[in-house]
Amino acid sequence: MSSEQPYAEWPARCSPRSSVACLWASRPSETSGGRVLPDACIDIIWDGASLFVAGPYTGPAPLIPRAGQFFSGLRFRPGSAPRFLRVPACELLDSRVPLTDLWGKAPADRLAEQLAAAASPAAAAGILDQAVADLASRAPAPDPLIDELGAMYETTPPAADRAVQFASRAMSVGERRLHRHCRAAVGYGPKMLERVLRFQRARRIARGTTSLALVAALAGYADQAHLSRECQGLAGTTPSDLFKTVRLSGF
């Protein structure tokens with residue numbers, strides 16, 4: 001990653017790609033900062049001085065970097081992080097937790113020492129990649145309910161007001177059981193998961209069009225007003241302001 005490149009991400013090289021969405025590195029602007037937007041993911045992050053886990057967010061989280069600060073991270077796919085972090089995702093909701101609280105002081109301190117000696121932010125991300133790869137053989141199996149739920153919401157977006165009922169009936173699983181599994185794996189219930197996945201789908205679609213009405217229709221919103229309400233709730237801004245910005249999420 002060059003000093004001119006504020007954010008970059010790339011596939012994991014060592015850890016299982018079925019569980020890890022990407023590695024990434026960032027040098028945010030010291031003057032404008034940014035926001036981290038909900039994506040149903042959980043990250044392990046090194047900021048040059050501390051090692052922590054950023055849990056799943058339900059709204060925009062402001063980023064106010066220090067002078068010269070960088071971030072290196074490993075992003076888990078939705079529902080995968082608890083297998084490696086050893087805590088239910090709901091305990092990390094809307095929070096940043098020191099890795100020592102999850103893995104213990106000695107293992108986390110050893111990893112922090114390696115990260116501090118890394119030659120670059122990208123190299124530090126590679127160290128996180130190897131650390132998670134070392135845990136893969138001992139990690140519990142994925143929750144098949146969550147894998148099926150995420151795939152269903154991505155491929156067959158339900159009506160926004162019937163997301164939980166839709167999944168429960170399609171999967172022949174009681175709503176309470178589905179909610180319990182989803183909170184443990186993702187951090188919140190299936191209704192919120194569907195909202196976040198729909199929001200991320202809208203962001204991807206918006207890269208190829210300037211029509212908010214088309215974004216709303218293709219992403220699965222009831223109408224453009226529905227898209228606007230969700231952008232305000234999840235990103236704290238309007239769709240027009242959000243989609244004209246190249247990168248708001250990430251570190």
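# Exercises on a predicted protein chain

Of the 251 residues in the protein chain, 49% are buried, where buried means under 20% relative accessible area, exposed over 50% and partly exposed in between, with a 1.4 Å probe and protein chains only. The model is predicted, so that local features need pLDDT of at least 70 and side-chain atom pairs count only at pLDDT 80 or more, while totals for chains, interfaces and linings use all residues. Residues are numbered from 1 along each chain as its sequence is written, and side-chain values use heavy atoms, with hydrogens and water left out.

**Exercise 1.** Work out how many helices and strands the protein chain has, and which radius of gyration belongs to it.

*Solution.* Begin with the helices (DSSP runs of H or I, at least four residues) and the strands (runs of E, at least two), both numbered from the N terminus; the protein chain has 11 of the former and 8 of the latter. Next, take the radius of gyration over C-alpha atoms, with the globule rule of 2.2 Å times the number of residues to the power 0.38. The value for the protein chain is 18 Å, which agrees with the figure near 18 Å for a compact globule with 251 residues. Finally, the C-alpha trace spans about 50 × 40 × 25 Å along its principal axes.

**Exercise 2.** Decide whether glutamate 230 is buried or exposed, and find which side chain makes a polar contact with its side chain.

*Solution.* First locate glutamate 230 in helix α10, which covers residues 224–235. Its relative accessibility is 12%, and therefore glutamate 230 counts as buried. Contact means heavy atoms within 4.5 Å; leaving aside neighbours within four places in sequence, glutamate 230 is in contact with Arg195, Tyr221 and Ala235. The side chain of arginine 195 makes the polar contact, at 2.7 Å. A polar contact is a pair of N or O atoms within 3.5 Å; within protein, one must be able to donate a hydrogen and the other to accept it, and residues adjacent in sequence count only if both atoms are side-chain atoms.
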